[in-house]
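Keep the sequence and the 3D view at hand.

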Amino acid sequence: MRPLLHIPDGFLAPQVALALWVATAVVIGIALRRIGQRGPAAASQTILMGLSGAFIFAAQMFNFPVAAGTSGHLLGGVLAGFLLGPWAGSVVMATVIGIQALLFQDGGLLALGANIFNMGVIGTLGGTLVARGIAATLGNARRATLLGVGVAAWLSVMAAAGFTTLQLGLSGTTDVSIGLPAMLGTHALIGLGEALISVSAISFIAVSAPEIFAKSAPAAPASPRRRVAAGLIITAATVSIASLFASTSPDGLEKVATDLGFINTSQAAPFELFADYSIPGFDGVAGTALAGVIGVLAVLLVIVLLNRLASARKSS
Amino acid sequence: MLQRSSQRDARGALVAALLSILGIALLPAGSYFTYALVWLAVATAGAASGYTPLTLARRGLIALPFTLAALPLIFIRGDELIWSGALGSAQLSISGAGLRIFLTAAVKSWISVQVGTILVRRYPIESIVGSLRALKLPDAIATGAGLTVRYVELLRGEASRMLRARSARSASPVGETRERIGGTIPWRAKVTGNLAGALFLRAYARAGRVEEAATARGASGSLSLGSLIQPDTRLLLKVLLAIGAFAAITAAGALLPRI
């Protein structure tokens, strides 16, 4: 089972492809600046990045049988980002994706900006920041780090698949309402393989070369405020992605009420803000995802208010 | 003196490839006559590079799996209906507009892949990396890409040996294929992850050795890997020809009829 993430030329509208080239150039430019700020260490970092690029190529050969002739294999974005740092990891993935496009025609040249954006920027840079965010939120213990890597590796594949579909939708090459569930459904399994391999690889390195693992993991736990911010972003991202899979069928009580004929005895709510998880002005999946995010923010607000109330009572 | 193929200046070819692909991407939907003409031009360039049209056409099919993304448009768009009926228990309709978008994306990607194939056939990847550095590709990416290209076969060899060792140690009963043995899926994934982790440690150690060797030879800062040895004296002419090709593709797209 191979991921469908390397967009060939001809599938993206030129304006979409060029806009993503610009966005990619800006982020990779920032990444290169961050690497250059390391001074003399930048040269050795560049050598490690070059060898890591070759490693990603070679590691993509590793696969494991899943079932019925399909196999799972590594993409390596979060793995590279975690081991080298998010900025260096994204540059390595940009290089790998560029060479894949040039050498193997795996992804187009005009679409290269989009492919780097989806897998190198969103998948690697974003994925690594999520991994580190989860690890820092949970206190940076080894298990927390592995959990962070696993979740981020899965999310990186899902996010890359989601962005790919949205870009194809913007270009008029696919229907997002059909393409998005199909792509996310397929890549949910591929992401699982990615997560399992990434976690095992990091776990192996943590045991075999603890000094490299220690270098990769963030040094100190994040401040409480950053933990809350990281938790909020992770929850909002998870909820908005999960909401895309929400069933439109009635829940258990509604089904029973309909089948037994007492659904009409229900009374309407005194007021309706976002009835049936829909937001006025946003149709379909976008409205459901936004409703999920608003729900997360509302829960956070209630928790913060209750916490303040409890603190005020305690101090008085 | 004969120039080594890895030192050839690919800047003109890179500009030509990118402008051709941009020109193809800008062609309007349904310009099948133009697509055919552009493919003839690409096939001619391929023949000059030693590719038969059939081989080149087959190489272009690499993008075929991605056309799945555009396939639903044929059936879900309701405009320009060209067929509607029942297929078993399902009601199906084929939209002319959806079919046009699907065919346009498939043909454009098919031709674009062939342009890339010819580029790599004419210029080795080391030469392309060197040319990209000459086109102001940042040093960290050019050096990183140069090292990646240089060491990729070595690490792929390591990976092959690891896979052979895994295979040799996984005995399978007679009649069982290898895919049906070897524990649970998470266990298999763990073993694969361990292999990836071990390979990273080898790459890490190799990076250390490369750095030591470079330092011993007096290198400081950039390794300048992927440098262009001898610039092409006809670069300007090649770039002008590339711009001419782009203009011709765009004009053909605007003037020739569409279906």
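How many cavities of 30 Å³ or more does a search of the whole structure find? The search finds 3.

## Basis

This is a predicted model, where local features need pLDDT of at least 70, side-chain atom pairs count only at pLDDT 80 or more, and totals for chains, interfaces and linings use all residues. Residues are numbered from 1 along each chain as its sequence is written, chains are lettered from A in the order in which they are written, and side-chain values use heavy atoms, without hydrogens and water.

## Largest cavity

A cavity is a set of points on a 1 Å grid over the protein atoms alone where a 1.4 Å probe fits but cannot get out; lining residues have an atom within 4 Å of a point. Volume is the space filled by probe spheres set on the points, which are joined across faces, edges and corners.

The largest cavity has a volume of about 60 Å³. Both chains line it, with Asp9(A), Gln105(A), Ile21(B) and Ser109(B) among the residues. Helix α5 of chain B (residues 96-122; a DSSP run of H or I, at least four residues) gives the most, with 4 residues. The lining divides into 4 nonpolar, 6 polar and 1 charged, with Gly counted as polar.

## Second largest cavity

This cavity holds about 40 Å³. Its lining includes Asp9(A), Phe11(A), Leu110(A) and Ala25(B).

Definitions and conventions: On a 1 Å grid over the protein atoms alone, a cavity is a set of points where a 1.4 Å probe fits but cannot get out, and a pocket is an open set with protein on both sides within 12 Å along at least five of seven lines; lining residues have an atom within 4 Å of a point. Helices (H or I, at least four residues) and strands (E, at least two) are DSSP runs, numbered from the N terminus.
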